[in-house]
Structures are given as structure tokens and as C-alpha cells.
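Hi,

Here is the structure we talked about.

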Amino acid sequence: MAELRIQGLSKHFGAHTVLRGIDLTVASGSLVAILGPSGSGKTTLLRLLCGFERADGGSIALNGRIVSSAADHVPPEQRRIGYVPQEGALFPHLSVAENIVFGLPRQERRARHRVQELLELVGLSADYANRPPQQLSGGQQQRVALARALAPSPALVLLDEPFSALDAALRAETREAVADALSAAGATAVLVTHDQSEALSMGHQVAVLWDGRLVQVASPEQLYRQPANPELARFIGDAVLLPGVAGNGQVQCALGTLALMGGMPQGPVQVLLRPEQIRLLPLSGASEARARVLEVIFYGHDACVRLRTGGVSPIELTARVPGHSSPVPGQEVALAIEGSVAAFA
Amino acid sequence: MSAAAVSTTAEHRSASRRRTPFGLLGAAVGVALLVLLPLVVTLKQAAGFGLDNAAELLLRPLVGELALNTLLIVSTSTIACAVIGTAAAWFVERTELPGRRAWAVLAAVPLAVPPFITSYAWVSLSQSLQDFLGALLVVSTAYYPMIYLPVAAALRGMDPALEESARSLGLGPWACFRRVILPQLKPALLGGMLLVALGVLSEFGAFALLRFRTFTTEIYAEYRASFDGSGAAMLASVLMLLCLVCLVAEFKVRGMARYDRLDRGTRRAPVRYALGWFKWPVLIGFGALTLITLGVPLGMILYWLMQHGDAAITPVEVSAEQLLSSTGASLGLGLAGALLTTVLALPLGYLLVRYPGRIATVLERVVYLAQGVPGIVIALAVVSLAIHVFMPLYQSATMLVCTYSILFLPLALVSVRAALVQAEPRLEDTARSLGLNWWQTLWRVTLPLAGPGLGAAAAMVFIAVVTELTATLLLAPIGTDTLAKEVWVDTSALAFAAAAPYAALLVAISLCSTWLLMSLFGKSAVLDHTQR
């Protein structure tokens with residue numbers, strides 16, 4: 001498996017610029033999730049990597065070999081890229097086994113080379129080999145599509161929103177199976193998705209694509225805790241943004257004095273905290289931040305609590321609390337903030 | 001299962017459990033029996049022939065020659081159509097061929113030119129184009145759109161992700177076509193090929209003008225020679241058998257595992273291959289195809305239009321009154337046929353849509369089966385019925401229009417049924433709950449929804465009737481000379497210049513109405529019929 005290096009990649013469709021100067025390096029054997037809202041250019045980026053479209057500028061190198069640049073365009077069939085399209089796209093006229101060996105030379109197709117091994121790799125039993133794809137569930141189709149992509153030992157595996165068509169329960173299970181199969185195969189992989197939790201849970205690194213630009217490339221934890229800007233903070237997850245004043249590793253805001261992460265700006269700032277950092281405590285009478293519960297949305301494992309703080313300039317915010325300890329509307333609670341917070345100038 | 005799916009299955013069940021109104025059922029059965037009538041009459045006549053006589057008639061060397069000719073032309077033209085149609089569809093739908101929109105239209109247009117007109121054009125170009133090669137040329141160019149259209153539609157409907165997956169798995173464009181695209185085109189391609197085979201088996205006018213002897217031309221000759229019809233009926237039965245084989249095969253192909261897309265995602269535009277220098281030979285190919293399928297027929301008509309009557313081999317005078325009366329006859333019969341056929345298709349279509357069940361299915365199959373009876377067989381059966389049973393109707397316009405209805409009911413039923421599906425019962429129920437009575441609901445809900453489809457059905461039948469030759473030839477009242485009949489008579493007399501104005505008018509009416517049909521009801525109105 002190889003390293004992928006993208007430099008200054010850009011693409012226009014007519015007057016519309018879809019990608020502007022994308023730089024990204026994916027280390028050998030790692031999985032990078034490209035996260036972006038719809039229309040951000042994710043699919044275009046993926047199609048450029050596959051070679052289905054030609055780039056207008058920049059270069060793509062796989063393991064040091066240029067596959068796309070101003071001068072060169074290696075056709076898709078010569079790039080050794082395993083592509084797992086949205087919803088699998090299994091060949092409907094072929095059985096599962098025939099789908100898996102599709103990209104292999106004739107002798108290996110006849111011998112059904114590695115079918116059993118690959119089925120096992122993606123967590124399906126060998127009985128599936130002779131079934132038509134129509135008889136598989138969405139998640140099983142997705143796994144066969146991955147096995148098919150892995151069969152010719154590609155240099156890179158690209159996954160295009162592979163789980164978006166699956167229902168919630170199947171999605172979690174399939175995600176896990178796919179992640180295991182990719183790491184067992186030692187594959188270098190790029191996963192494109194608009195689903196934050198999918199990107200955060202599967203990517204070793206997450207690259208956020210926003211309006212044709214990569215705005216941040218970071219580990220999932222860093223991206224969630226220290227996003228590059230407030231918009232991104234809201235896109236990655238639920239965010240509470242409050243005005244405040246930062247200095248000396250602390251920040252003053254409506255919720256009191258909070259610990260600030262390192263490397264944050266000074267002076268007037270916007271404070272970012274995540275709803276699960278807010279703890280609701282019984283009133284103790286001390287000079288603590290207080291709020292009234294407006295509404296509780298109960299999800300089972302947790303609950304979202306909409307709150308309004310007291311004082312001269314009340315603000316509304318949302319806290320996420322464990323389901324077993326959700327308050328009731330109208331209740332007065334004290335607020336405590338766990339951990340440090342981020343801030344934007 | 002979603003709530004919507006549950007409610008539709010429930011609706012479906014309650015609809016099929018509801019009692020079918022007796023009047024509707026009676027009307028539908030009556031129509032199906034009418035369509036079946038020629039088949040029964042022909043079989044009965046053939047059966048009355050006696051086994052010894054039948055053997056004697058069928059085991060002549062002539063019948064062997066006819067069978068050989070027929071099978072040869074059917075197989076070669078079907079293969080030629082498949083190759084031309086598929087190649088044209090692939091280049092139009094899958095490559096960056098310059099001017100592909102124009103080629104897409106030009107490749108479909110020959111469907112609107114009746115084969116006997118194409119035949120007339122080639123015969124008038126050169127007498128040497130007769131016999132097998134001429135016949136192959138004419139029917140291949142006339143029938144290949146029946147493959148081009150469904151294959152192009154299948155290519156458009158194919159999920160581009162399949163091709164992309166294949167490319168990323170290391171397949172070049174040719175391997176991708178062979179291993180991914182072609183297998184998925186199989187239903188459309190095989191279905192189209194069988195329809196072409198059925199069309200060529202039933203073709204009469206084109207072969208007769210080319211003096212190429214097949215079953216249809218011999219049935220006609222036999223009928224002209226004896227008039228008693230039993231010899232013709234015997235041959236007709238053999239021809240029907242061949243047609244039914246094609247029809248059953250087509251039915252099987254239609255039922256063949258449809259390679260439905262496995263997914264439900266939004267569709268992207270397909271990959272188009274850059275042709276590079278190869279675009280020149282492809283463009284020359286498309287140019288040649290257009291020249292042969294459209295350039296020659298239309299050009300020859302124009303050429304003869306500009307010649308004076310005496311330039312033709314046998315001069316015949318053409319008067320304006322004659323032209324006018326022929327056009328009037330063609331249009332009148334076309335309108336009457338369209339109206340009657342659509343009305344007759346209504347009860348059956350309504351039954352199929354609203355009261356699906358075993359009876360409806362049987363009636364549908366009966367009408368489908370009737371599609372396999374060649375026009376000449378239907379026409380001869382009607383002639384014999386008229387002579388023996390309804391003598392006063394013999395060679396009356398009524399009889400001719402009824403024959404058109406029998407011929408084209410299967411064609412109309414497809415559109416009528418699709419139109420009635422548009423008017424869902426729950427919409428009618430909603431209208432009733434909003435206070436509209438039965439009549440108001442029909443007027444304000446059902447007709448606006450189903451109207452365009454019914455119009456399309458009538459228009460399809462109109463075009464088919466105007467360009468119909470065989471039944472018109474055998475059944476038109478004396479003195480009713482339609483455009484098609486005039487072309488036939490003049491061409492048979494080698495009066496090519498005299499035939500030209502009639503041919504020009506006929507092609508103009510056919511092209512204009514097809515264009516009108518497409519622009520009013522969308523391309524699918526025409527497309528669906530080639531895909532049935």
C-alpha cells in the first residue's frame with residue numbers, strides 16, 4: 001500500500017470552481033476521512049483521484065508516481081485504485097463471487113482467487129459466494145463492494161459515502177466491519193462523507209472540505225475540540241458559542257471563569273464549549289452560574305436540555321446530560337463546566 | 001416497510017377483491033375476442049383443408065424456398081439491425097461524438113418512414129436492387145431504430161457507478177463494454193431483436209415491391225390467384241407459428257431478470273469517452289447511415305417529384321384532385337381508426353389498471369398474442385369473414401376501420417394503460433370527498449390526468465393507420481384510394497414519378513405527426529412502444 005500526495009489540485013466546471021488548491025498527504029496504511037457538507041466538492045475530489053475526471057491544475061501522486069498533472073492523465077484502469085461507490089454498485093448480472101474476482105486476470109477469475117479469504121475479511125460467510133447481489137442487504141452489498149475493490153490489491157482504496165444508504169443499526173455494524181477489513185488489509189484509504197460521526201469514528205485523520213478548500217486537516221479529537229473557526233465548530237458537532245474575554249490561560253464569560261486550552265487568542269473572544277461539557281448540579285447557594293430548564297429532549301442514552309441563564313443579560317444554551325439524570329422543565333440548576341474550552345478571536 | 005408502501009399494498013388488495021363491474025368485464029372480453037377473431041378464422045380455414053391436401057400444399061419445393069427466404073432475411077436483418085442499432089446507441093450515449101444530439105434524432109427518424117416507401121425509393125433508384133440484398137438493405141435500414149431506441153434508453157438508464165467500478169478495477173473501455181455494459185443491455189437488445197424479427201416476418205409491402213418472395217408475398221399471391229383463401233390460410237398458419245415463436249421468446253425475455261439498479265441513489269451523468277482521431281471514421285459511419293436510411297428515400301422522392309410524368313418508365317398523370325382525395329381518404333381513415341381503436345382499448349385498459357386479477361391477465365395475454373398475427377393474415381381473415389358472414393360490409397369503410405382496430409389495438413393498449421395509471425384511484429377518492437360527483441370527477445380529475453396519454457395512444461394509431469399498406473390494399477372500398485395504396489399501385493406499374501407526390505405526402509404526414517407526438521407527449525410516448 002502506498003502513500004497518496006495531492007498538491008495544489010483544482011477543478012472548474014465551466015465558470016464554477018469546485019476545488020481550489022487542495023493539498024493533502026495520506027500516509028501509507030492510514031485512513032483519511034474527507035468531511036464536507038453537500039456541494040463542498042468531495043465527490044469531485046474523489047472522481048479526480050479515480051481518474052474519472054481530469055484536474056485543471058495541480059498534481060496527484062501515488063507512491064511517488066504522478067498519476068495526474070498538467071501533462072499526464074493516467075486512465076482509471078491503470079491507477080490501481082480500489083473504488084467503493086455509494087451504495088456499492090455491484091454488477092447485477094454477476095454473483096457475489098464473480099463480482100469479487102471481477103478485476104482479476106482471467107485465470108484467477110476462473111479459479112475464484114481469494115474469494116473465501118476476502119469474504120472472510122469483510123465479515124461475510126463463504127455461503128454468500130454464489131448468491132446474486134439482489135439477495136443481499138444494503139450493508140452486505142457494501143461489504144462485497146469493498147471485497148471487490150480489495151481483490152486486485154490496489155494501491156489506494158477510495159470509499160464514496162459508503163454507509164449513507166444504510167439504516168442506523170446496520171451503519172454502525174458495517175462501519176466497523178469495513179474499518180477492520182481495511183486495517184487487516186493494511187490499506188491506505190480515503191473515505192468521503194458528510195456524516196460527522198462517521199468521519200470522526202473512522203478516520204485516523206479528518207480533512208474538512210469547505211466550499212472547495214481544505215480548511216482543516218487534523219486528528220478527530222483535535223478537530224472536534226479545536227476547530228479552525230466557529231462555523232466549522234458548529235458543523236463538526238453541537239456547539240455552545242459565548243462571548244468572553246481571554247487572558248492568562250483563562251476566559252471570562254457568562255458561565256464564569258473557564259480554563260482555556262493552550263495556544264488560544266487573548267482579549268475579546270468567542271468561547272467554544274461542547275454541550276456535554278456542561279454539567280447540571282443541584283443549587284448549592286454559592287456564587288455559581290445558574291440557569292432555568294426550558295425544555296428537555298430525551299433520547300434514551302442521553303438528553304438535550306435547553307437552558308436560560310439568569311442575570312442581567314440572559315443567554316440560552318444547550319447541555320447534553322446522561323439520560324438517567326435528566327432534569328424536568330422549570331427546574332433551577334447550577335452549571336459547572338468540565339475540562340478546558342477553545343476560543344476564537 | 002414504510003407507511004406509504006403498506007397503504008399501497010392494502011389498496012391493491014382491496015381493489016382486486018372488489019367485484020369487477022359486469023358491463024366493464026363484458027366490454028373487455030368482447031374487445032379481446034374481436035382481436036382474437038382473425039386468428040381463429042385462419043386456423044379454422046386451415047383446419048378445413050384436410051390433412052392430405054395440407055401435406056401436399058406444404059411439402060412443395062416452393063414452400064421450402066419461401067421458408068428459406070423468410071428465415072434468411074429474418075436472421076440476417078435482425079443481426080444487421082442489432083449491430084447497427086447497438087453501435088449507434090453506444091456512440092451517441094457514451095462518447096463525446098460531435099453533434100450527438102442531432103445524430104440521436106437522425107438515428108430514430110427512419111422509424112417514421114414506412115418500409116414500403118423506403119423500398120419504393122430503392123427500387124426506383126435501381127432495378128438491380130431487387131431480391132435478397134435489396135431486401136436486406138431495405139428492412140435493415142427501416143427496422144434498426146427498433147433496436148437503437150431501447151438500447152439507447154437502456155444505456156441512459158444504466159448506473160454509471162457500475163462502469164466506474166469496472167474501470168477502477170482495471171478494465172479498459174472495450175473490456176468494460178464487453179463485460180459490464182453488454183450483459184446489462186441483454187434484455188433491451190434481445191427484446192428489440194425479437195420485435196425486429198416479428199416485424200420482418202410480417203413485412204409485406206417492402207418485399208412485394210422488391211419482388212423478394214417470402215411467406216407474406218406468397219400468401220398475397222395465393223389469395224389473388226384463388227380467392228377461396230384456404231391455400232393462403234395454410235401458409236398463413238405456418239407464418240403465424242413462426243411469429244408466435246418470436247412472440248413467446250420476446251415474452252420470456254421481458255420476464256428475464258431485469259437488471260434493476262441495486263441502489264436508489266441520485267444518478268450522475270455517465271462517463272463519456274473521448275474519441276480522439278477515431279471520431280472521423282465514426283462520423284463518416286453516421287453520415288453514411290443517415291444517407292442510406294433517410295437521404296436516399298427522401299432524395300429519391302424529391303428527384304421523382306421534379307421529373308415530369310413522362311420521365312417515368314410508365315407515365316401516369318397525377319391530378320391535384322386525385323392528390324387531395326387520397327390525402328383526405330388517408331386522414332379520414334386515420335382519424336376514424338385512431339378514435340375507434342382508443343375507445344376499444346379503454347375498457348380493457350381500465351380493467352387492467354383498476355381490477356387486476358386473473359381474468360385481466362388472461363385478456364391482456366390474448367391481446368398480446370394477437371400482436372403476433374401478421375397484418376396480411378388479419379386482413380385475409382377479415383376478407384373471408386366479410387364474404388361468408390357479413391356480406392354487406394365487404395369492402396366498406398366500416399370494415400376497414402374495424403380491421404385497423406384489430407391490427408393496432410395492442411399498440412393503443414400500452415399507452416391507454418399507462419394513461420389510466422396516471423389517474424390514481426386515491427386522487428378520484430379525494431375529489432369525491434371534496435364534494436365532486438362522479439361526472440365532475442371524471443371531467444376535472446380523471447380526464448386531465450389520463451387525457452395526454454389517451455391522446456398519445458390515438459396519435460400512435462393514427463400514424464400507424466396512415467402508413468399501413470396491407471389491410472388497406474385488401475379491404476379499401478372501391479374508389480377509396482389512400483396515399484399508401486396510390487404509392488403501391490404506381491410503383492407496381494413502375495410509374496415512379498406518379499408515385500412520388502403520394503409518397504412525399506405520406507412521409508410528410510408521418511414525420512409531422514411523429515414530431516408533434518414527441519413534442520406534445522414527450523419522447524417517452526414514442527419510446528415506450530419500442531420497449532414494450
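Below is what turned up, starting with how to read it.

This is a predicted model, where local features need pLDDT of at least 70, side-chain atom pairs count only at pLDDT 80 or more, and totals for chains, interfaces and linings use all residues. Residues are numbered from 1 along each chain as its sequence is written, chains are lettered from A and ligands numbered from 1 in the order in which they are written, and side-chain values use heavy atoms, with hydrogens and water left out.

First, the sheet. Chain A has an open sheet of 5 strands in the order 15-19-16-17-18, with antiparallel pairing. (Strands are DSSP runs of E, at least two residues, and helices are runs of H or I, at least four residues, both numbered from the N terminus; two strands pair if DSSP finds at least two bridges between them.) Strand 15 (278-281) and strand 18 (316-322) of chain A are at the edges with a single partner strand each, so one side of each has no neighbour in the sheet. Within chain A, strand 16 (residues 289-298) and strand 19 (residues 332-337) run antiparallel and are joined by 4 bridges. A:Ala289 has A:Leu335 in strand 19 as its bridge partner.

Next, A:Ser59, which sits in strand 4 (residues 57-62) of chain A. Buried or exposed? A:Ser59 counts as buried, because its relative accessibility is 15% (buried means under 20% relative accessible area, exposed over 50%, partly exposed in between, with a 1.4 Å probe and protein chains only). Leaving aside neighbours within four places in sequence, its contacts (heavy atoms within 4.5 Å) include A:Arg5, A:Leu9 and A:Ile66.

Lastly, B:Leu447 is in helix 20 (residues 438-466) of chain B and counts as partly exposed at 34% relative accessibility.

Cheers
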